[in-house]
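Please open the model in a viewer and keep the sequence at hand. The stops below are to be selected in turn.

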Amino acid sequence: TKNIQIAIDGPAAAGKSTIAKQTAELLGYTYVDTGAMYRAITYKAIQLNIDLQDGEKLTNLLKETSIELKPSPNGQLVYLDTIEVTDEIRSPQVTASVSAVAAHANLREEMVKRQIEMGKNGNIVMDGRDIGTHVLTKAELKIFMSASVEERAKRRFLENQKRGIDTSLEELMDDIARRDKLDSEREASPLIQAEDAIFIDTTSLTIKEVSEKIMQLAKERM
Ligand code: C5P
């Protein structure tokens, strides 16, 4: 078997990270949550009171910022300049601001450079919005996952409850629809399915069903 790259893209709360994490675990691959990287720089910018419309400032900030993703038994931990911010980057404030930050082309360029480096040796499952189109462009397996807005809001609601985050279902539906729109309509590498990606609608599938499907597709390519 050969070691491959797996790219998983799709809109907010489609179940990408759950599936990507599980797939990586089953294959013994590294999992990279690129959304966490955009969230981490957004969190830092908010802390420093930086104007989120100022792409140049944000890009310079990113260039002097270290963002590390470390696997742990309870999932991936996120380190920002050596400080652990795994929970902080999921706050409603960061969630509401991240798409504005991620819209800046020069900031994305720096992120993509780091992500290409992380994936260059294969053995990798990476999830995000532009992985199949701009990061792992030669990935052996590209998946584009989606589900209805209602279903995605419901899943995020349950996930938040577990994390102790209190947000109503309506707020989540609004946030997801708003982020879908921003992510799909931005000029710099918008959320779009790569031509060679396989589309999976997860609305009526269980995590296990999606996971099995992806494992099968991965094994065919190894
Ligand atoms: O995946 P998650 O919902 O945590 O991503 C947060 C935000 O980061 C997305 O709504 C999107 O604006 C941005 N993002 C991106 N490109 C990626 C990953 C995330 O623009 N590869």
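Two strands are said to pair if DSSP finds at least two bridges between them. Helices (H or I, at least four residues) and strands (E, at least two) are DSSP runs, numbered from the N terminus. Residues are numbered from 1 along each chain as its sequence is written. This is a predicted model, in which local features need pLDDT of at least 70 and side-chain atom pairs count only at pLDDT 80 or more, while totals for chains, interfaces and linings use all residues.

**Stop 1: confidence**

Colour the protein by pLDDT, the predictor's confidence in each residue, from 0 to 100. The mean is 95, and 100% of the residues reach 70 or more. For the complex, the predictor gives an ipTM of 0.99 and a pTM of 0.94.

**Stop 2: the open sheet**

Select the three strands that form an open sheet in the order β3-β4-β5, with antiparallel pairing. β3 (67-72) and β5 (83-84) stand at the edges with a single partner strand each, so one side of each is left without a neighbour in the sheet.

Begin with β3 and β4, which pair over six bridges; a hairpin of two residues joins them. Select K70 and its bridge partner in β4, L77. Then move to β4 (residues 75-80) and β5, which pair over two bridges. Here L80 stands opposite I83, and Y79 stands opposite E84. In the turn of this second hairpin, D81 has a positive phi of about 45°.

**Stop 3: the nonpolar cores**

A nonpolar core is a set of buried Ala, Val, Leu, Ile, Met, Phe, Trp, Tyr and Cys residues joined through C-beta atoms within 7 Å. A residue is buried if 20 or more other C-beta atoms, placed from the backbone, lie within 10 Å of its own.

Which members touch the most others in the largest core? Among its 32 residues, they are I6, A7, I8, V125, M126 and I143. Elements that each supply at least two residues of this core include β1 (5-9), β6 (124-128) and α8 (169-185). A second, separate core of 21 residues includes Y43, V78, I89 and A102.

**Stop 4: the ligand**

Finally, select the ligand and the 14 residues that surround it, of which G35, S99, A102, G128 and R129 are the closest.

Note on methods:
A residue is buried if 20 or more other C-beta atoms lie within 10 Å of its own, exposed if 12 or fewer, and partly exposed in between; C-beta atoms are placed from the backbone. A residue is near a molecule or strand if its C-beta atom, placed from the backbone, lies within 6 Å of it.
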